[in-house]
2 protein chains.
Amino acid sequence: MTQPLRVASVGLGRWANVIAAAVRRSSELELVGCFSRRAQARSDFAAAHGCAPASSLEELLARPDLDALLVTVPNHVHAEVIERAARAGKHVFVEKPLAASIEDGLRIVEAVRSSGIKLMVGHSARMLAGSRRIRRLIDDGELGDLSLVEANFSNDRALELTPDRWRADPDRNPGGPLIQLAVHQFDLIRSWLGPVEAVAARIGHLHTRTRVPDLATCLLRLASGPFAYVGSSWSSSAAYWARVYGSRANAHLEVDFRYWNQGERVDAHSRLRIEPNGGDPYEVELEPADMYRDELEELARSVREDRTPEVSAEVGLANLAVVHAALRSAESGREVRIDEVLPEGVRA
Amino acid sequence: MTQPLRVASVGLGRWANVIAAAVRRSSELELVGCFSRRAQARSDFAAAHGCAPASSLEELLARPDLDALLVTVPNHVHAEVIERAARAGKHVFVEKPLAASIEDGLRIVEAVRSSGIKLMVGHSARMLAGSRRIRRLIDDGELGDLSLVEANFSNDRALELTPDRWRADPDRNPGGPLIQLAVHQFDLIRSWLGPVEAVAARIGHLHTRTRVPDLATCLLRLASGPFAYVGSSWSSSAAYWARVYGSRANAHLEVDFRYWNQGERVDAHSRLRIEPNGGDPYEVELEPADMYRDELEELARSVREDRTPEVSAEVGLANLAVVHAALRSAESGREVRIDEVLPEGVRA
């Protein structure tokens with residue numbers, strides 16, 4: 001048995017607890033520390049998860065027994081924390097999206113490249129058992145020639161959002177559900193069918209009482225040929241689904257959002273339905289995975305094997321570029337190419 | 001018991017048989033005649049459905065005992081047949097779409113207005129039991145504040161299409177699945193949420209060996225506020241579904257396309273699932289209707305009650321305008337307003 005990757009949580013909000021719980025489910029990682037600017041949050045988190053609180057990020061990064069940070073600070077702070085981690089030679093798991101702005105995303109890519117650290121972005125949706133299974137169906141030709149992928153990720157978070165939260169600020173959270181939820185589906189579609197070339201999008205501000213939008217609909221042009229649609233409401237009952245249309249069969253995945261925070265249970269509450277062309281539809285039994293454990297283990301393995309993690313900084317940046325192309329499309333009323341928002345050299 | 005509406009079928013292809021079968025399921029209509037330019041088709045149809053074949057449209061329209069035509073000729077011939085029916089004072093049921101071109105659609109609207117005949121367009125999707133039920137859920141506030149509607153109607157017809165068929169000709173069948181299938185969903189969304197204001201669309205030509213496209217994806221802007229998406233592949237396994245997103249609940253309708261041609265059975269092969277915000281999803285039992293019988297009876301009742309049918313020529317034209325706005329959007333790469341393709345005065 002190899003030594004587990006020793007990790008520390010930075011940014012100790014709700015999501016840090018989800019990720020820390022996933023660390024406990026793996027023998028490949030060990031939570032050894034934590035840091036938040038809020039002293040109470042540090043001590044609570046340290047007590048809850050049995051790790052050592054640090055009184056500054058500097059102190060945490062100075063620990064010689066620490067291998068990597070688990071970064072769940074707000075998106076607009078990712079770049080700063082990751083640059084400091086990279087300078088200290090610590091690897092990084094960072095929650096999606098990679099950053100709020102393209103500029104920050106480019107800073108992160110540069111920090112990873114120049115330091116040689118491994119960085120894994122938490123685009124967990126591609127690691128759902130149903131997502132992996134659809135990828136295999138596509139690769140094995142079981143769906144035939146593909147025409148279209150559709151996906152939606154929605155919940156009601158905008159209805160409870162108050163103007164004082166960073167998620168309510170369009171500068172720190174550009175696009176609202178676009179960057180928080182739809183970005184998961186952009187990565188999912190990339191994991192199935194490769195890069196996006198252009199986006200036509202509409203962004204709405206329907207029911208929220210804050211300045212951030214609460215609705216996004218996007219048409220994607222994929223380099224590999226098929227079309228894609230991604231929708232995301234932040235003011236409705238929750239939904240997580242994806243459907244792939246092929247000449248031999250369609251595949252339809254539905255995930256019960258109520259289990260979204262529980263990587264170890266969500267696959268048991270997912271349904272993958274195959275609709276063969278002209279035949280009787282049937283459900284595929286999914287072998288449960290654990291998306292949060294698996295994304296963390298992917299970081300641990302990439303360190304051990306000295307290779308780029310599956311969801312690299314470049315992939316995270318490419319997904320973020322789809323978000324910003326969508327924003328620009330919604331503003332201008334025209335389709336926007338990815339190369340209008342992201343230089344060629346850094347494209348995944 | 002009132003006298004049934006005496007109707008005759010014109011254009012005796014596959015769909016004429018579906019409609020004639022629906023006439024038999026109603027006591028409000030009676031099939032008394034038929035016409036096709038193909039003599040063999042006339043005699044076969046007359047024998048199969050027990051009605052009198054006419055050797056010309058003129059002869060058919062001259063019958064004093066005939067009340068209405070059931071028009072299932074190709075879309076680009078609708079206007080000519082309907083103008084002749086209107087001049088003869090015969091009412092019209094016409095299969096969707098109203099016409100292939102906006103110009104033809106305007107001719108039909110004018111013919112109906114100047115003659116005073118009743119015209120019902122066969123946008124049957126809104127008459128599915130599940131569609132009607134969702135409309136009631138919306139009206140009763142059961143879904144709360146609405147954000148988004150998504151719908152798809154797909155099948156594999158483009159894969160078997162040969163270049164000699166009118167459906168393979170982009171002039172006579174502009175947009176392929178856009179005008180054949182997606183137009184159903186445009187009407188469905190209109191029946192739930194009112195008129196479309198603008199469209200951003202992408203049209204694809206992926207797997208068909210003819211000149212007609214086989215893929216369409218559209219983002220709709222609705223005057224009432226919510227956004228909508230409609231997708232349609234003509235080269236994939238079949239799908240028919242629609243989903244409405246609301247703050248109290250989402251509603252998800254799935255229809256088994258294999259029963260699409262059987263109005264009397266399709267509702268028994270449809271599933272309507274309600275996903276309450278935060279609660280357990282459940283299925284709603286649907287009281288079976290019969291969309292093809294019901295659309296014909298709507299014509300019969302509008303004649304009897306001297307009122308405009310639910311799906312008037314103006315409504316059919318508005319749906320056709322969404323098709324043409326989508327085509328123009330796909331060509332130009334920008335969002336296109338309905339008033340760019342259709343004059344205000346004729347808008348439904």
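This is a predicted model: local features need pLDDT of at least 70, side-chain atom pairs count only at pLDDT 80 or more; totals for chains, interfaces and linings use all residues.
Altogether, β11 (residues 239–246) and β12 (residues 249–255) of chain B run antiparallel and are joined by five bridges. The two strands form a hairpin, with two residues between them.

Strand β11(B) also pairs with β7(B), in the antiparallel sense and over eight bridges. Within this pairing, L146(B) stands opposite G246(B) of β11(B). In general, the strands of a sheet pair through backbone hydrogen bonds, in either a parallel or an antiparallel manner. Eight of the eight residues of β11(B) are buried, so the strand is largely enclosed by the rest of the structure. A239(B), W241(B), R243(B) and Y245(B) point one way from the strand, whereas Y240(B), A242(B), V244(B) and G246(B) point the other way, and all are buried.

These strands belong to an open sheet of nine strands in chain B, with mixed pairing and the order β14-β13-β12-β11-β7-β10-β9-β8-β15.

Helix α6 (residues 129–139) of chain B lies across β7 (146–154), β11, β12, β13 (270–276) and β14 of that chain, and runs at about 170° to β12(B). Helix α7 (residues 177–193) of chain B packs on the sheet and touches β7, β8 (196–204), β9 (215–222), β10 (227–233) and β11 of chain B. The direction of α7(B) makes about 150° with that of β7(B).

Helix α10 (residues 313–332) of chain B has 20 residues, which at 1.5 Å a residue should span 28 Å; the end C-alpha atoms are 28 Å apart, in agreement with that value. Of the 20 residues of α10(B), 17 are buried, so this helix is largely enclosed by the rest of the structure. G333(B), which follows α10(B), has a positive phi near 75°.

In chain A, helix α9 (residues 291–304) has 14 residues and reaches 20 Å from its first C-alpha to its last, close to the 20 Å expected at 1.5 Å a residue. Its buried residues are M291(A), Y292(A), R293(A), D294(A), E295(A), L296(A), E297(A), L299(A) and A300(A). The elements of chain A that cover them include β1 (5–10), α1 (14–24), β2 (29–35), β4 (68–71), β5 (91–95) and β6 (119–122). Just after α9(A), D306(A) takes a positive phi of about 50°.

Chain A as a whole contains ten helices and 15 strands. Its radius of gyration is 20 Å, which agrees with the value near 20 Å for a compact globule of 348 residues. Along the principal axes, the C-alpha atoms of chain A fill a box of roughly 60 × 45 × 40 Å. Buried residues account for 59% of the 348 residues in the chain. Among contacts in chain A between residues at least 6 apart in sequence, 70% join residues at least 24 apart.

Chain A can be laid on chain B with an RMSD of 0.0 Å by a turn of 180° and a shift of 0.0 Å along the axis. The two copies are therefore related as by a two-fold rotation axis. In chain A, the C-alpha nearest this axis belongs to R334(A), at 2.1 Å from it. The same surface serves both copies, as 100% of the contact residues of chain A recur in chain B.

Conventions: Residues are numbered from 1 along each chain as its sequence is written. Chains are lettered from A and ligands numbered from 1 in the order in which they are written. Copies are superposed by least squares on the C-alpha atoms of residues with pLDDT of at least 70 in both. Two residues are in contact if their C-beta atoms, placed from the backbone, lie within 7 Å. Helices (H or I, at least four residues) and strands (E, at least two) are DSSP runs, numbered from the N terminus. The expected span of a helix is 1.5 Å times one less than its number of residues. A residue is buried if 20 or more other C-beta atoms lie within 10 Å of its own, exposed if 12 or fewer, and partly exposed in between; C-beta atoms are placed from the backbone. The radius of gyration is taken over C-alpha atoms; the globule rule is 2.2 Å times the number of residues to the power 0.38. Two strands pair if DSSP finds at least two bridges between them. Axes are lines fitted to C-alpha atoms, for helices over the stretch in contact, and angles run from 0 to 180 degrees between N-to-C directions.
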